[in-house]
Amino acid sequence: MKKEAREGTDPAATARQHARGKLTAHERVELLLDEGSFTEIEPLRRHRATGFGMDERRPYSDGVVCGWGTVHGRTVFVYAHDFRVFGGALGEAHAEKIHKVMDLAEAAGAPLVGLNDGAGARIQEGVTALAGYGGIFRRNARSSGVIPQISVMLGPCAGGAAYSPALTDFVFMVRNTSQMFITGPDVVKAVTGEEITHNGLGGAEVHAMTSGVAAFIHDDEHACLEDVRYLLSLLPSNNNELPPRVASDDPADRPTDALLDIVPAEPTRSYDMRAVVAEIVDDGEFFEVHAEWATNVLCVLSRMDGQVVGIVANQPNALAGVLDIHASEKAARFVQTCDAFNIPLITLVDVPGFLPGVDQEHGGIIRHGAKLLYAYCTATVPRIQLILRKAYGGAYIVMDSRSIGADISLAWPANEIAVMGAEGAANVIFRKEIAASGDPDAVRAQRIKEYRAELMHPYYAAERGLVDDVIDPRTTRRTLIRALDMLRSKHSEQPVRKHGNPPV
């Protein structure tokens with residue numbers, strides 16, 4: 001019976017799965033977990049439906065493999081849809097198995113990984129299938145911020161089924177294999193007349209680059225599941241633990257002289273912030289979240305002196321590093337995730353402000369920018385801000401300034417912190433004087449120089465206690481690690497409340 005549950009009753013179904021470039025549910029589970037560690041639960045479960053010929057088709061496992069094992073020696077719970085059985089569609093028994101493993105993950109305080117490859121609700125079982133999804137959604141919400149929840153999209157995910165991945169912490173997708181959408185191409189065509197393919201509507205590239213639903217995208221299942229394992233190595237098992245710390249051969253006091261060449265002194269010249277991150281973290285290794293969406297801000301997980309950190313950084317080589325609607329949403333979600341799972345935050349600032357424009361204002365940049373502000377203001381993990389070059393206007397405040405609760409604020413010697421750039425400020429303050437002058441260009445240049453000298457010199461913020469120290473860029477790694485060590489036992493009391501009411 002167990003052999004039948006594993007191999008299925010139709011060998012051709014397995015062949016078809018492999019022909020699509022897809023693994024079976026058991027093969028995926030074994031690839032994800034440490035060898036020989038998987039313990040399956042309810043492999044002999046069968047559905048109880050009787051209508052539409054269902055009583056003649058009662059395969060074991062009912063189309064989902066559930067259980068637990070280990071990843072790098074730590075317990076992880078997993079469920080995997082079996083597309084060979086009813087196309088992985090969810091029915092009553094199928095849902096109850098997933099409910100069981102979700103409850104066990106919460107009770108044991110261990111991560112949950114869902115390997116999704118299903119055709120949605122099982123139509124033959126009607127409303128009981130929909131109720132099964134409701135139970136999954138409720139458990140996703142209840143475990144949010146308690147245990148890490150990871151969704152791996154390895155096939156289709158349509159209709160209400162797509163909301164469970166959207167409720168989890170991280171979503172992985174595979175090119176040309178994964179699709180997610182609420183209504184499929186046929187319905188879209190019938191309602192709007194638009195013709196589009198499954199991948200064009202909800203494929204991996206769409207969700208990684210346009211919608212922001214997918215945090216990670218891969219070319220094949222093997223690479224995808226290997227990165228899921230790596231992500232789990234950076235996360236704690238639950239919100240009451242710290243992320244795993246590992247021994248590092250990269251000296252904590254290693255000089256970072258290369259930063260002098262990576263970051264141009266001129267505030268308007270672009271550069272790749274990834275090079276800065278690589279220089280300060282252990283062995284230059286980091287794991288970027290949403291690498292292809294909202295590229296004007298970086299969100300990465302890495303280690304410094306063996307300790308896991310989350311890094312949020314403006315990216316000057318994409319839209320000059322401005323904050324816009326998508327960047328604010330991306331960074332806010334990342335800050336909340338790090339805060340939920342006790343991951344210290346380092347914010348690298350080089351921001352000219354928020355992106356101006358009618359589309360941004362009408363699209364709700366105020367509301368979306370407030371999401372990032374709210375996320376930082378409510379975060380209780382260690383928070384360190386480092387201003388590399390410029391930090392202008394409201395974007396300076398939002399990027400974890402001292403005024404909204406950063407524990408330590410640092411700056412490099414060439415930093416400029418101001419309401420706006422010197423050119424714009426001079427044009428506003430001295431507008432009448434410049435217009436009445438016989439040589440407007442000369443007067444404008446003189447006033448820009450005066451404004452920069454008076455209010456934008458590197459030590460203006462330090463003199464007022466808004467920056468804790470102005471540091472030599474060559475000591476950046478050492479200084480950040482010392483601050484992290486000091487803040488390791490940080491404790492923050494929060495007001496008693498049911499919950500906050502963040503902007504959405």
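**View A. A salt bridge joins Asp-62 to Arg-122 in this predicted model.** The closest N and O atoms of the pair are 3.0 Å apart, where a salt bridge is a side-chain nitrogen of Lys or Arg within 4 Å of a carboxyl oxygen of Asp or Glu. Asp-62 sits in the loop between β1 (39-41) and β2 (64-71), and Arg-122 in the loop between β4 (112-116) and α5 (127-143), so the bridge ties together parts that are 60 residues apart in sequence. Helices (H or I, at least four residues) and strands (E, at least two) are DSSP runs numbered from the N terminus. Both Asp-62 and Arg-122 are buried; here buried means under 20% relative accessible area, exposed over 50%, and partly exposed in between, using a 1.4 Å probe and protein chains only. Residues are numbered from 1 along each chain as its sequence is written, and side-chain values use heavy atoms, with hydrogens and water left out. As this is a predicted model, local features need pLDDT of at least 70 and side-chain atom pairs count only at pLDDT 80 or more, while totals for chains, interfaces and linings use all residues.

**View B. Here are two further salt bridges, Glu-42 with Arg-45 and Glu-463 with Arg-464.** For Glu-42 and Arg-45, the closest N and O atoms are 2.8 Å apart. Glu-42 is partly exposed, because its relative accessibility is 29%, and Arg-45 also counts as partly exposed, at 23%. For Glu-463 and Arg-464, the closest N and O atoms lie 3.4 Å apart. Glu-463 is exposed, with a relative accessible area of 57%, whereas Arg-464 is partly exposed at 47%.

**View C. Seven strands make an open sheet with mixed pairing.** Follow the strands in the order β1-β2-β3-β4-β5-β7-β9. The edges are β1 and β9 (216-218), each of which pairs on one side only; two strands count as paired if DSSP finds at least two bridges between them. On average, neighbouring strands of the sheet are turned by 20° against each other, direction ignored. Helix α3 (residues 25-32) lies across β1, β2, β3 (74-81) and β4, and runs at about 160° to β3. Helix α10 (residues 221-234) lies across β2, β3, β4, β5, β7 (170-174) and β9, at about 160° to β7. Axes are lines fitted to C-alpha atoms, for helices over the stretch in contact, and angles run from 0 to 180 degrees between N-to-C directions.

**View D. Strand β4 is covered on both faces.** Five of its five residues are buried. On one side are Leu-112, Gly-114 and Asn-116, and on the other Val-113 and Leu-115. In a regular strand the side chains alternate between the two faces of the sheet. β4 and β3 pair in the parallel sense over four bridges, and Ala-80 stands opposite Leu-115 of β4. β4 also runs parallel to β5 (residues 149-153), joined by five bridges, with Ile-150 in β5 as the bridge partner of Val-113.

**View E. Asp-400 is a buried loop residue.** Its loop runs between α16 (393-398) and β15 (408-411). The relative accessible area of Asp-400 is 0%, so this residue counts as buried. Leaving aside neighbours within four places in sequence, Asp-400 is in contact (heavy atoms within 4.5 Å) with Thr-347, Tyr-376, Arg-383, Ile-384, Gln-385, Gly-405 and Ala-406.

**View F. Asn-199 belongs to helix α8 (residues 198-202).** Asn-199 is partly exposed, with a relative accessible area of 30%. Not counting residues up to four places away in sequence, Asn-199 touches Asn-176, Ser-178, Gln-179 and Val-206. Pro-156 is 43 residues from Asn-199 in sequence, and their C-alpha atoms are 9.9 Å apart.

**View G. Val-419, Met-420, Val-428 and Ile-429 form a nonpolar surface patch.** Together they have about 370 Å² of accessible area, by the Shrake-Rupley method with a 1.4 Å probe, where for residues only the protein chains shown count as cover. Patches are made of residues with over 30% relative accessible area and no salt bridge, joining like charges within 9 Å and nonpolar side chains (Val, Leu, Ile, Met, Phe, Trp, Tyr) within 5 Å. Val-428 lies in helix α17 (residues 422-429) and is exposed, at 51% relative accessibility.
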